[in-house]
Amino acid sequence: MSEPFLLVQLSDSHVGADWDGVDPAARLSAAVESVGRLDPGPGAVLISGDLVENAEDAEYEQLRELLEPLAVPVYVLPGNHDDRDALRRHFGVPGAPGEPVQYAADVGPLRLVAIDSTIPGEEPGELDSERLAWLDEELAAAPDRPTLLALHHPPLWTGVPAIDEIGLRVADRRALGDVVGRHPQVRRIVAGHVHRTVAADLAGRPVLAVPSTYIQLKLDFRDDELELTAEPPGFAVHALRDGELVSHVQPVT
Ligand SMILES: [Fe+2]
Ligand SMILES: [Fe+2]
């Protein structure tokens with residue numbers, strides 16, 4: 001039986017942050033060690049935004065050092081705490097200065113399509129018609145490859161008012177659903193930002209938001225202030241074998 005191809009998804013490492021006195025570097029190191037114990041190891045790693053806290057060069061440099069033990073290709077996309085051009089400088093992602101960071105890449109048997117859901121300087125996300133037109137074209141270019149679509153702000157409603165306040169507007173989620181609906185090869189839509197495991201669907205495709213490697217947000221259907229909680233950090237492992245894709249959420253151990 002053939003081995004699965006693994007794509008690990010880390011998210012929201014927030015290197016440089018100091019929330020409740022917790023060190024994000026130590027937390028990320030523990031996640032990287034946990035990834036290192038996977039057997040087989042991953043073929044690639046995706047980091048779905050909020051890589052660092054303040055978008056400073058020194059933070060991105062520290063992040064790159066912390067990721068070194070992974071020794072596999074690392075794909076990144078921006079979160080609301082990141083800076084598009086800093087990602088270009090430190091991770092060599094394509095595109096002109098200031099433009100959204102988005103690209104498609106063949107990652108083993110998977111096609112990874114990353115779309116930029118950020119509004120520079122703001123917490124909520126957006127998907128404007130230009131970005132969605134780019135996505136439509138990019139998906140049309142490879143209709144037969146199983147595709148994982150990745151972005152920072154998950155296209156879902158969580159029910160936690162404080163989290164939904166900084167999410168993607170309903171109209172943008174629907175517009176994304178219209179594009180995805182035209183491309184059956186999109187097998188999974190994955191995101192971060194909400195610092196929790198949340199599953200939903202969009203245009204009939206599973207949507208999965210994955211935990212932070214740093215600190216989780218509390219599940220509270222009434223609270224309109226973001227609250228941290230001491231739940232364990234985690235990451236996702238997407239495994240593809242013989243055309244079947246499965247996604248695990250693995251607590252850091
Ligand atoms: Fe975050
Ligand atoms: Fe975020």
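Predicted model: local features only at pLDDT ≥ 70, side-chain atom pairs only at ≥ 80, totals over all residues.
Residues are numbered from 1 along each chain as its sequence is written, chains are lettered from A and ligands numbered from 1 in the order in which they are written, and side-chain values use heavy atoms, with hydrogens and water left out.

Strands here are DSSP runs of E with at least two residues, helices are runs of H or I with at least four, and both are numbered from the N terminus. Two strands pair if DSSP finds at least two bridges between them. Strand 8 and strand 9 do this in the antiparallel sense over 5 bridges. They form a hairpin with 2 residues between them, and A203 in that turn has a positive phi of about 50°. Strand 9 also pairs with strand 7, this time in the parallel sense over 3 bridges; there, V207 of strand 9 is the bridge partner of I189. Strand 9 is mostly covered, with 4 of its 5 residues buried (buried is under 20% relative accessible area, exposed is over 50%, and partly exposed is in between, using a 1.4 Å probe and protein chains only).

Zooming out, these strands belong to an open sheet of 6 strands, ordered 4-5-6-7-9-8 with mixed pairing. Strand 4 (103–107) and strand 8 sit at the edges with a single partner strand each, so one side of each has no neighbour in the sheet. On average, neighbouring strands are turned by 25° against each other, direction ignored. At the strand 4 end, strand 4 pairs with strand 5 (residues 110–114) in the antiparallel sense over 5 bridges, and D106 stands opposite R111 in strand 5.

Helices pack on this sheet too. Helix 4 (residues 129–140) lies across strand 4, strand 5, strand 6 and strand 7, at about 170° to strand 5. Helix 6 (residues 170–181) touches strand 6, strand 7, strand 8 and strand 9 (205–209), and makes about 65° with strand 8. These angles run from 0 to 180 degrees between N-to-C directions, with axes fitted to C-alpha atoms, for helices over the stretch in contact. Contact means heavy atoms within 4.5 Å. G181 lies in helix 6 and, leaving aside neighbours within four places in sequence, is in contact with A203 and R205.

What about the iron ion (ligand 2)? The protein donors are D50 (OD), N80 (OD1), H152 (NE2) and H193 (ND1), lying 2.1 to 2.2 Å away. Donors are N, O and S atoms within 2.8 Å of the metal (3.2 Å for Na, K and Ca), and sites may look incomplete because water is not among the atoms. The 4 donor atoms subtend angles of 89 to 160°, which makes the arrangement irregular. For reference, four donors count as tetrahedral if all angles lie between 85 and 135 degrees; four count as square planar and six as octahedral if opposite donors are over 155 degrees apart and all others between 65 and 115; anything else is irregular. The iron ion (ligand 1) is 3.5 Å from the iron ion (ligand 2), and D50 coordinates both. H152 and H193 are both buried.
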